[in-house]
Amino acid sequence: MSEKYMVEPDLQFIDDVMGLGGESLKKCFQCATCSVACPIAPENKPFPRKEMIAASWGLKDKLVGNGDIWLCHQCGDCSTLCPRGAKPGDVLAALRSYAITEYAQPKALGKMVNDPKKFWTLTAVPAVIFALLAIMTMFGGSFMAGIFGGELWYHTHDGNPFPGIAASNFISSWFVDMIFVPLAIFVVTVFAIGLKNFIADMHKNALLEGKTAKEKIDVKEFLMTLKTVLPKIAKHRQFTQCGENRERSTAHMMVLFSFIGLFIVTSVVFVGVYFLHQGTPYSQLNPIKWLANVSGVALIIGGVLMVKQRLDKKEDQVSSYKDWYLLGLVLTIGGTGMLTQMSRLGGSAFLCYTFYYVHLISVFHLFAYLPYSKMAHIVYRTVAMTYAEYAERK
Amino acid sequence: MDKKYCTYICTGCGIGEALNIEKVAEAAKEKGYDCKIHSCLCSEEGVEFLKKDVAEGINALSIAACSRRVNFDIFRFDGCVVDRVSLREGVAWSRSRVDFPAPTEEQKDDEYFIDNIQHLAEDYVRMGVARLEKITVPVPYKLENFNRNILVIGGGVTGLTAAVEAADAGYNVTVVEKEEELGGYAAKMRKQIPMGDYSKGLVDPVVGKLIEKAESNSKITIKKGTVVARIAGQPGEFVVTFKKPGEKIEFDVPMAVPEDQRYDEKGNPLDVDQIRVIYDKINEGRADVLSIDPNGEPFAGVVLAAGWRPAEIDAEKYAYLGVGNKDVITNHEFEQLAAKGKIVRPSDGKPAKNVVFIQSPGMEEGDADFEYAGSVTSMVALKQAKYVRDDYADGKAYVIYQHMRTPGLMEDFYKEIQQDRGIFLTKGAVTEVADNGGTLAVSAEGTLLGNDVTIKADLVVLATGMVPATKDNPVVNLAYRQGPGFRDIGIFDGYADSNFICFPYETQRTGVYSAGAVRRSMTIEESTEDARGAALKAIQAIESANRGTAVHPRSGDMTFPDFFFQRCTQCKRCTEECPFGALDDDAKGTPKPNPTRCRRCGTCMGACPERIIGFADYNIDSIGSMIKSIWVPSDFDYDEPPLRILGLVCENDALPALDMAALHRNSIHPYVRIVPVRCLGSVNVIWIKDALSQGMDGVFMLGCKHGDDYQCHFVKGSELMDVRTYKMGETLMSLGLEEERVEQFEVAIDDYDKVSDMINGFVEKIESLGPNPFKGF
C-alpha cells in the first residue's frame, strides 16, 4: 500500500469500456452508494466503487486482472440506486467483457466476436463448413463408407443408415464430431492459456490491494476449493441476494441447468455412438431423450425470460451487442434444436435439415467463440469465485 | 406637540379571559388619562372606533392589545404617537394561569392576595402611558444638497453591470476604473464558464459586449485611469474627489491611526486625545475629513466593485510543491498562458499535454485549500482542465482537490466537465512535486485510487484564490473619522461585507454597497447577479435618504439621533462606538452627526455617558420613564413582596423569539417585565442602575449572538453591551449588590424553545439571591 502507484490513464481503454456498454462510467462522483448498496460486496475493499474510479481514470492494469469484477453478478442494485446514473453494474459488465477479450488468444478473434459488424463473417465459417459436410454426407455416402468402414460410418443401431429422417443422414455425426472435438480442444487450450494469466494477474492484484493474505497459490488446494464453490454456483447463492432483479436468477438458473442437461445428453450420445455403437436419433421413450427435451424447453423459456427482463429494464440497464449476441445464440440453439426434432417427427426432411443446419451453425458459434464471448463468464466467474474463496478474500 | 392621551385595551385573543380588565383600565387611568375597552381592536369596527377618536383629537394612543410586531400597519395613525402594549403575547399567552391562578371569588377582595399576572398587565399599561409622555412624532431629516448620482468603483464585469442596470433604472452613473482599459480580469481570459446553461461548454467572455453597452449609454460616464481620492459627506450628498493612481493630492483621504500605534511603550492604551495627536500627525498635509473639496463631484450612493487580485504563493512555504520551477505556475498564470494560444510549458515552449491542477497545498495545511480559494477556484480548475483537452486530443488534465466546490447549479458544470474522458478528478493530498529531469512528478496520498500515487506532468497548476481588492487598500477612501475603509472586525478576511448571510451587498457604511469579488469570490455569472442587487440597494439608499428615512435594517424609520450639544463633554465615545462611522468629531471632539449615514441603532445613545443623545420616539427618558413606572412592591405592601425583574430585549431577534415562544404558550415567570430596545448597543447603563436603585431585583439583557457568527443587525451591539455589562459588575459590587443580578443572554431568532427557560432560570437565580436590599428606599 505504501508503494507509490504510477498513474497512467489509458484513454483508449476508457473508450473501449464505454463502447462495451459502460458509456455511463464518467458520470461517477465517487459517493460509494454502489458499494454500500451491493448485497455481495465484501467489507474490505468493496466493489464496485473502486472499479468505477479506476475505470473513469482509465487504469486498465487495475481492472483487467481484478477478480472482483467477476464477483459481481450484475443484479443492478447499484445502478438503480446510483444518484448520478453512472450504472456501475453495466460498467462492471463492460469491464468483464473487456477482460474476456484481453485473456482470450488470439485477441483479433476476440475483437471480431464482440464486433457486430463481424457477425456474418463469423457465421460464414461454420455455414460453409457444414454446407460442405452436408453435401459430402448426402452425395458421397458410399465413398465415405469406404474410407471410414461401412459399419462405423453410419453409427446406427444396425449399422445401416437410419431409415427415414435423421440428422446423421444430413451431416454425418462423424463429421460433426470431427469439427466439435478439435474445437473443444482448441477452446480448452485457449481457456487454459487465458486462465493461467488471469489467475496470476488476479493474485497480483489481490496482493497489491490487500485483499488476500496468501502469498502463493497452491494448485491442489485451489482445485479442492472448486468443490465447495460449485454447489454455491449451482444454487445461485450470490444471485439470489440481489434486490433489484431477483427474478433474473430463475431465468439464469434455467439456462445454466439446461446447458448442463444438454451437456449430459451429448456426453451420453457420444459414449453411445463410439463405444456402444448406438446411433441417433433415440426413441422418444428413452430417458435421455426426456432429459434432452426438458433441457431444450427450459433453455427456451429461460432465454425468453432473460430477453423480457432486459427489455423491461431498458432504463436501468444497458444492453449491448455482447448481451443480445449471447441471448440470441441461446434462443437459436434451443429453438432450432426443438424445431429440428419436431420437423423430423412431423416428417418434413427439408425443414428438419434446414433447422439442423442452423442449429449446428449456432452451436459452432457458441463453442468456437466461447472463450471470446460473454459466455466465457462461465469459466472466469467460476475461477474468480473459487479464487476469492481460496484466497479468503477479506 | 400638544398631546391628548388615551389607552385602548383590547379584550380579544384571550386577553379578556386572563385578566381583570377593569383593574387594568384603572392602572391606565392613574395619570388622569382616558382608557377605553374594546373586544377586537384590529377588526374593521375596532379600527373605525380608533379613527373616530383620532378625528376627535386623540393623538397619543396606547394600544394595549397584541405585540408591536403584528398589525403594525393597522394601528398607524398619521401625526399621532402610538405605543403598543403587548397584553396578548406579553401577558395572556406567555404567563401561565395554571401556575399563577387568578384570584377566586373569595380571594378577590383579599388585599394580601398577590395576582402576579394582573400586576404585570397593570405595569405594562402604565409603562405604555409613561412612554407616550416622552416621545414625539418624528420629523424626517432632509438633506440640503441632495443628488441622485451613483458612483461605481471598478470597471469590470460587476461594475459595468451595476452601471448599466442603474442607468437603465434612470440614474446617472459614473464608473471609475484604475486601469486604462475596462473589463477587469474577465477581459483577459481565454474562455469563461457558461452562464445559465452549463451544458453549453465554455463560452467566450461576455465582458466585451458589456463594455460596448456601458460605453454607448448616455447616462454612464466612464473615467479610466482614475481612482477615488476621497468620498466625503454622507449618502445623498457625497462629495467625491478623483485622482490619477499614485498621485498625491491635498484631498487624499485621512488615514485612521493603526492599531499598533494606539498603545504606549508599556502597552497601555492611549487616551483619545493622545490618539488624536497621532492622527493629526500621520495626516499632515491632507485636508481634514470635515473640509469639503470645492471641486469635488456630487454623488448620492456608491457601488464598490473593485474586484480582486490573484493570491500570491509563498515560495518558501510551498517549496515542496515545486514553486520556483518554471513549469509550476498558478491558475492565474495558466489563464494568461491559455489566452495567448495553445498551452505550452513555460520552460521550453513544448506542448503541455499532461497538466496537474493542485487545488490544496496538503501537508501541514491539512485539508485546507490555498488562501482565498473557494468555489470559483474549483470551477476555474474544471474550466482550465478543459483548455488542455481543447488544445490536445491526447491531452490529460488531472485535478487533485480536497474540496470540489460547485454549489447550486454549478454542479451541472462539474457533471459536464467530468464527462470528458481525458479529465481525471480525485480528492487527495499532494505530498511532492519533483523535477524528473524535464518532466514533473506529482505525488499524492489519500487519493480515491486507494494508493499513494504519482502522476507524470508537463505542467503543474496551483489553485490560488481571489484576494478582494479591499484586503490591500480601502479603495472607497471614505473621509470618515473612523477611517477610510470598512472597520476590520476581524472576521471578514478583508472582504467588504458586514454580514455573511442576512444582508448581502450591505457594508458597514450606509450608502456604500459592495458587489462581486470584493464581497466574496464569485464567478462572472454570480458577479453579474450580485451587481444588479447592489445597484438596487444603492438606489434604495438614495431614495431613502431623499425621504429622510433609514434604509437598512430599520427601513422607513424617520427618526435620527438628536444631540444636546451644550452638555457634550467631547469624550468621543459615540464617534468611536458607532458601528457605521456616522459621526465625525471636529478638532475639539464635538461629534458632527451625518444622519443619512446613520442606521438608527442607538449605539451612540447607549454609549453616551452624559445621556445627551436620543431619538424622537426612543430616548433615555422614554425608556427610563417606562422602567420607573413599574410598581416595585416592598415589605410595606406585602410580607413577602414579589420580585421585579427587568428584561431589556433586542427587538430584532430576541423579541420575535419571545413572541414565538408566546405563540407556543411557553410560559415566562410573571415577575419579568420586558422592555424592547432597538439594539443592545443602545442600552444605556443608567437604565440598569435606575432599575436596581428603585428596588428591582435583577436585570437581564436578551441580545443576539456575537463573535465570529454574530447575528447582530448592527454588527457590534450585543458585543458592546457585553462589555458594558462586565464593567457594570464592578459598579454593582461597590454598591454591595451581587454582580449576578445583571446578566446578558445570547439568543437567536429561532431559539423560541429555549428563551423561556433562559429567562426562568435567571428568575430562579435571583430568587435564590433574595430580594434587592435597596427595596423600599
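How many residues of strand β14 (residues 354–358) of chain B are buried? The answer is 5 of its 5, so the strand is mostly covered; buried here means that 20 or more other C-beta atoms, placed from the backbone, lie within 10 Å of a residue's own, while 12 or fewer makes a residue exposed and anything in between partly exposed. Before going on, a word on what you're looking at: this is a predicted model, where local features need pLDDT of at least 70 and side-chain atom pairs count only at pLDDT 80 or more, while totals for chains, interfaces and linings use all residues. Residues are numbered from 1 along each chain as its sequence is written, with chains lettered from A and ligands numbered from 1 in the order in which they are written.

Back to that strand. In a regular strand the side chains alternate between the two faces of the sheet. In β14(B) both faces are covered: Asn354(B), Val356(B) and Ile358(B) are buried on one side, and Val355(B) and Phe357(B) are buried on the other. Its parallel partner is strand β15 (residues 396–401) of chain B, joined to β14(B) by 5 bridges. Within that pair, Ile358(B) has Ile400(B) as its bridge partner. Strands, by the way, are DSSP runs of E with at least two residues, helices are runs of H or I with at least four, and both are numbered from the N terminus. Two strands count as paired if DSSP finds at least two bridges between them.

Now zoom out to the whole of chain B. You'll find 20 helices and 30 strands in its secondary structure, and its C-alpha atoms fill a box of roughly 100 × 65 × 65 Å along the principal axes. Of its 777 residues, 52% are buried. Take the contacts in chain B between residues at least 6 apart in sequence: 71% of them join residues at least 24 apart. A contact here means that two C-beta atoms, placed from the backbone, lie within 7 Å.

Chain B is divided into domain 1 (1–137), domain 2 (150–254 + 289–309 + 469–547), domain 3 (258–287), domain 4 (312–464) and domain 5 (562–614), with bounds that come from an automatic or database domain assignment. The centres of domain 1 and domain 3 of chain B, taken over C-alpha atoms, are separated by 53 Å.

What about the nonpolar interior? A nonpolar core is a set of buried Ala, Val, Leu, Ile, Met, Phe, Trp, Tyr and Cys residues joined through C-beta atoms within 7 Å. The largest one has 219 residues, and Val303(B) and Leu304(B) touch the most other members. Helix α18 (residues 349–368) of chain A gives the most to this core, with 11 residues. Leaving aside neighbours within four places in sequence, Leu304(B) is in contact with residues including Ile153(B), Val475(B), Ala496(B) and Val518(B). Apart from this core lies another, of 106 residues, with Cys578(B), Ile613(B), Ile645(B) and Ile759(B) among them.

Asn546(B) is partly exposed because it has 18 other C-beta atoms within 10 Å. In sequence Asn546(B) and Phe146(B) are 400 residues apart, but C-alpha to C-alpha they are 7.0 Å apart in space. Not counting residues up to four places away in sequence, Asn546(B) touches Phe146(B) and Gly236(B).

Finally, see where the two chains meet. The contact takes 16 residues from chain B and 18 residues from chain A. On the side of chain B, strand β19 (residues 452–457) gives the most, with 4 residues. That strand runs parallel to strand β1 (residues 4–7) of chain A, and 4 bridges join them. Met6(A) stands opposite Thr454(B) there.

Chain A has its own division, into domain 1 (11–103) and domain 2 (112–390). Their centres, over C-alpha atoms, are 28 Å apart. The contact between them takes 27 residues from domain 1 and 34 residues from domain 2. On the domain 1 side, α7(A) gives the most, with 7 residues.
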